[in-house]
Amino acid sequence: MPKKSIKFLGLDFAGKTSIITAIKEKFGYIEKVKEIKPTRLIEREEFQFLNLEIISHDFGGQVQYRDDYLKYPHRYLANTDLLFYLIDCQDPERYGESLDYFDKVMEYFKEQRENIPIMVLLHKFDPEIKENRELNKRAMVLKQNLLKYKEFQIYFFETSIYDIKSIMDAFSTGLSFLFENIEMLYSYFEDISKRYNILFISLIDSTGITVGEYYSALRLIDKLKIYNLYLEVLKKVKMENKEKYEFSDILSNGKRFSGVIEVLNLSNFDFYLLIIIEEEKENLEKTISALDAIEAEKDKMEVIISQILT
Ligand SMILES: Nc1nc2c(ncn2[C@@H]2O[C@H](COP(=O)(O)OP(=O)(O)OP(=O)(O)O)[C@@H](O)[C@H]2O)c(=O)[nH]1
Ligand SMILES: [Mg+2]
């Protein structure tokens with residue numbers, strides 16, 4: 001099985017161990033997160049994601065450890081496939097220190113000519129302060145500061161442990177870079193979304209990591225609603241050992257949607273396929289036949305997944 005090494009870096013107290021815990025648990029982790037102690041040196045963990053063996057490294061961020069990493073960067077940073085860099089956006093007094101650390105880490109990758117994907121997480125962007133102007137201005141400045149690393153593909157995310165979707169989005173996007181042909185799935189989803197008027201389609205692995213998704217003009221609030229619904233349904237599907245689960249609800253614009261979550265086995269891996277379509281008023285049959293038509297596309301999905309995994 002191919003091995004991939006992912007690393008979480010950032011200052012102490014940035015929230016690295018917290019988000020790793022959130023990713024692992026997905027629900028009911030807040031109490032657990034509150035008990036997390038500062039990480040000593042590096043915590044290594046292994047998990048499987050589709051056909052990849054992922055080795056995750058949580059780099060303790062206290063200054064004595066940072067000094068060590070930067071003194072022997074080759075020992076710590078060589079063979080990285082994907083980097084998550086967390087900045088505590090609620091602590092502007094330490095932005096300078098964090099940018100300085102980031103700079104030194106990037107210096108190493110630059111010297112090695114390792115053009116790895118970098119996910120920068122502006123973390124602790126909590127729901128109740130998301131709209132705060134001061135915070136958004138600061139986030140903008142941070143992003144501008146990071147534009148100078150032109151040779152790298154840097155992606156920004158605003159994350160919070162109080163919004164599991166924000167964390168899973170950042171994590172899933174990062175992992176998707178580990179697959180060369182992932183674009184195939186994206187364009188396929190875009191294509192069927194247009195053909196069947198799909199509002200949202202997502203292929204999720206059995207541990208809750210999104211492999212690919214596509215959504216047409218959905219408001220954030222609706223995305224969150226659908227994601228929470230998905231988590232709930234996921235619990236039910238798992239507990240009741242169901243293969244398929246249908247549901248229906250209302251969007252923030254008052255329109256009704258129908259959804260289905262289905263367990264699919266593609267290329268010998270279990271996935272959940274989540275599809276949301278807008279309900280045709282007084283024409284439920286049309287909605288149902290659209291869902292059936294999408295189901296008939298499974299063979300195509302199988303082909304695409306197998307190509308991505310080779
Ligand atoms: N408000 C808020 N607090 C958070 C969030 N994520 C983590 N925290 C808090 O931030 C503190 C530090 O979290 P850790 O996960 O231990 O930070 P770390 O980056 O692993 O720290 P080191 O292990 O020392 O490098 C804890 O008190 C968490 O509860 C978040 O999204 N919002
Ligand atoms: Mg930690």
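Helices α8 (residues 182-196) and α11 (residues 298-308) approach within 8 Å along their axes and cross at roughly 155°, the axes being lines fitted to C-alpha atoms over the stretch in contact, with angles from 0 to 180 degrees between N-to-C directions. The two helices, α8 and α11, are therefore roughly antiparallel (over 145 degrees). Helices are DSSP runs (H or I, at least four residues) and strands likewise (E, at least two), numbered from the N terminus. In this predicted model, local features need pLDDT of at least 70 and side-chain atom pairs pLDDT 80 or more, whereas totals for chains, interfaces and linings use all residues. Residues are numbered from 1 along each chain as its sequence is written.

Contacts (C-beta atoms, placed from the backbone, within 7 Å) join I182, M184, L185 and Y188 of α8 to I304, Q307 and I308 of α11. The residues of this contact comprise 6 nonpolar, 1 polar and no charged (nonpolar: Ala, Val, Leu, Ile, Met, Phe, Trp, Tyr, Cys and Pro; charged: Asp, Glu, Lys and Arg; polar: the others, Gly among them).

An automatic or database assignment divides the protein into domain 1 (3-176) and domain 2 (182-308). Between them, 10 residues of domain 1 contact 9 residues of domain 2. On the domain 1 side, helix α7 (residues 164-176) gives the most, with 6 residues.

The largest nonpolar core contains 36 residues, and F84, Y85, L121 and I167 have the most contacts inside it. Such a core is a set of buried Ala, Val, Leu, Ile, Met, Phe, Trp, Tyr and Cys residues joined through C-beta atoms within 7 Å, buried denoting 20 or more other C-beta atoms within 10 Å of the residue's own.

Notes
Chains are lettered from A and ligands numbered from 1 in the order in which they are written. Two residues are in contact if their C-beta atoms, placed from the backbone, lie within 7 Å. Angles under 35 degrees count as roughly parallel, over 145 as roughly antiparallel, 65 to 115 as roughly perpendicular and the rest as oblique. A residue is buried if 20 or more other C-beta atoms lie within 10 Å of its own, exposed if 12 or fewer, and partly exposed in between; C-beta atoms are placed from the backbone.
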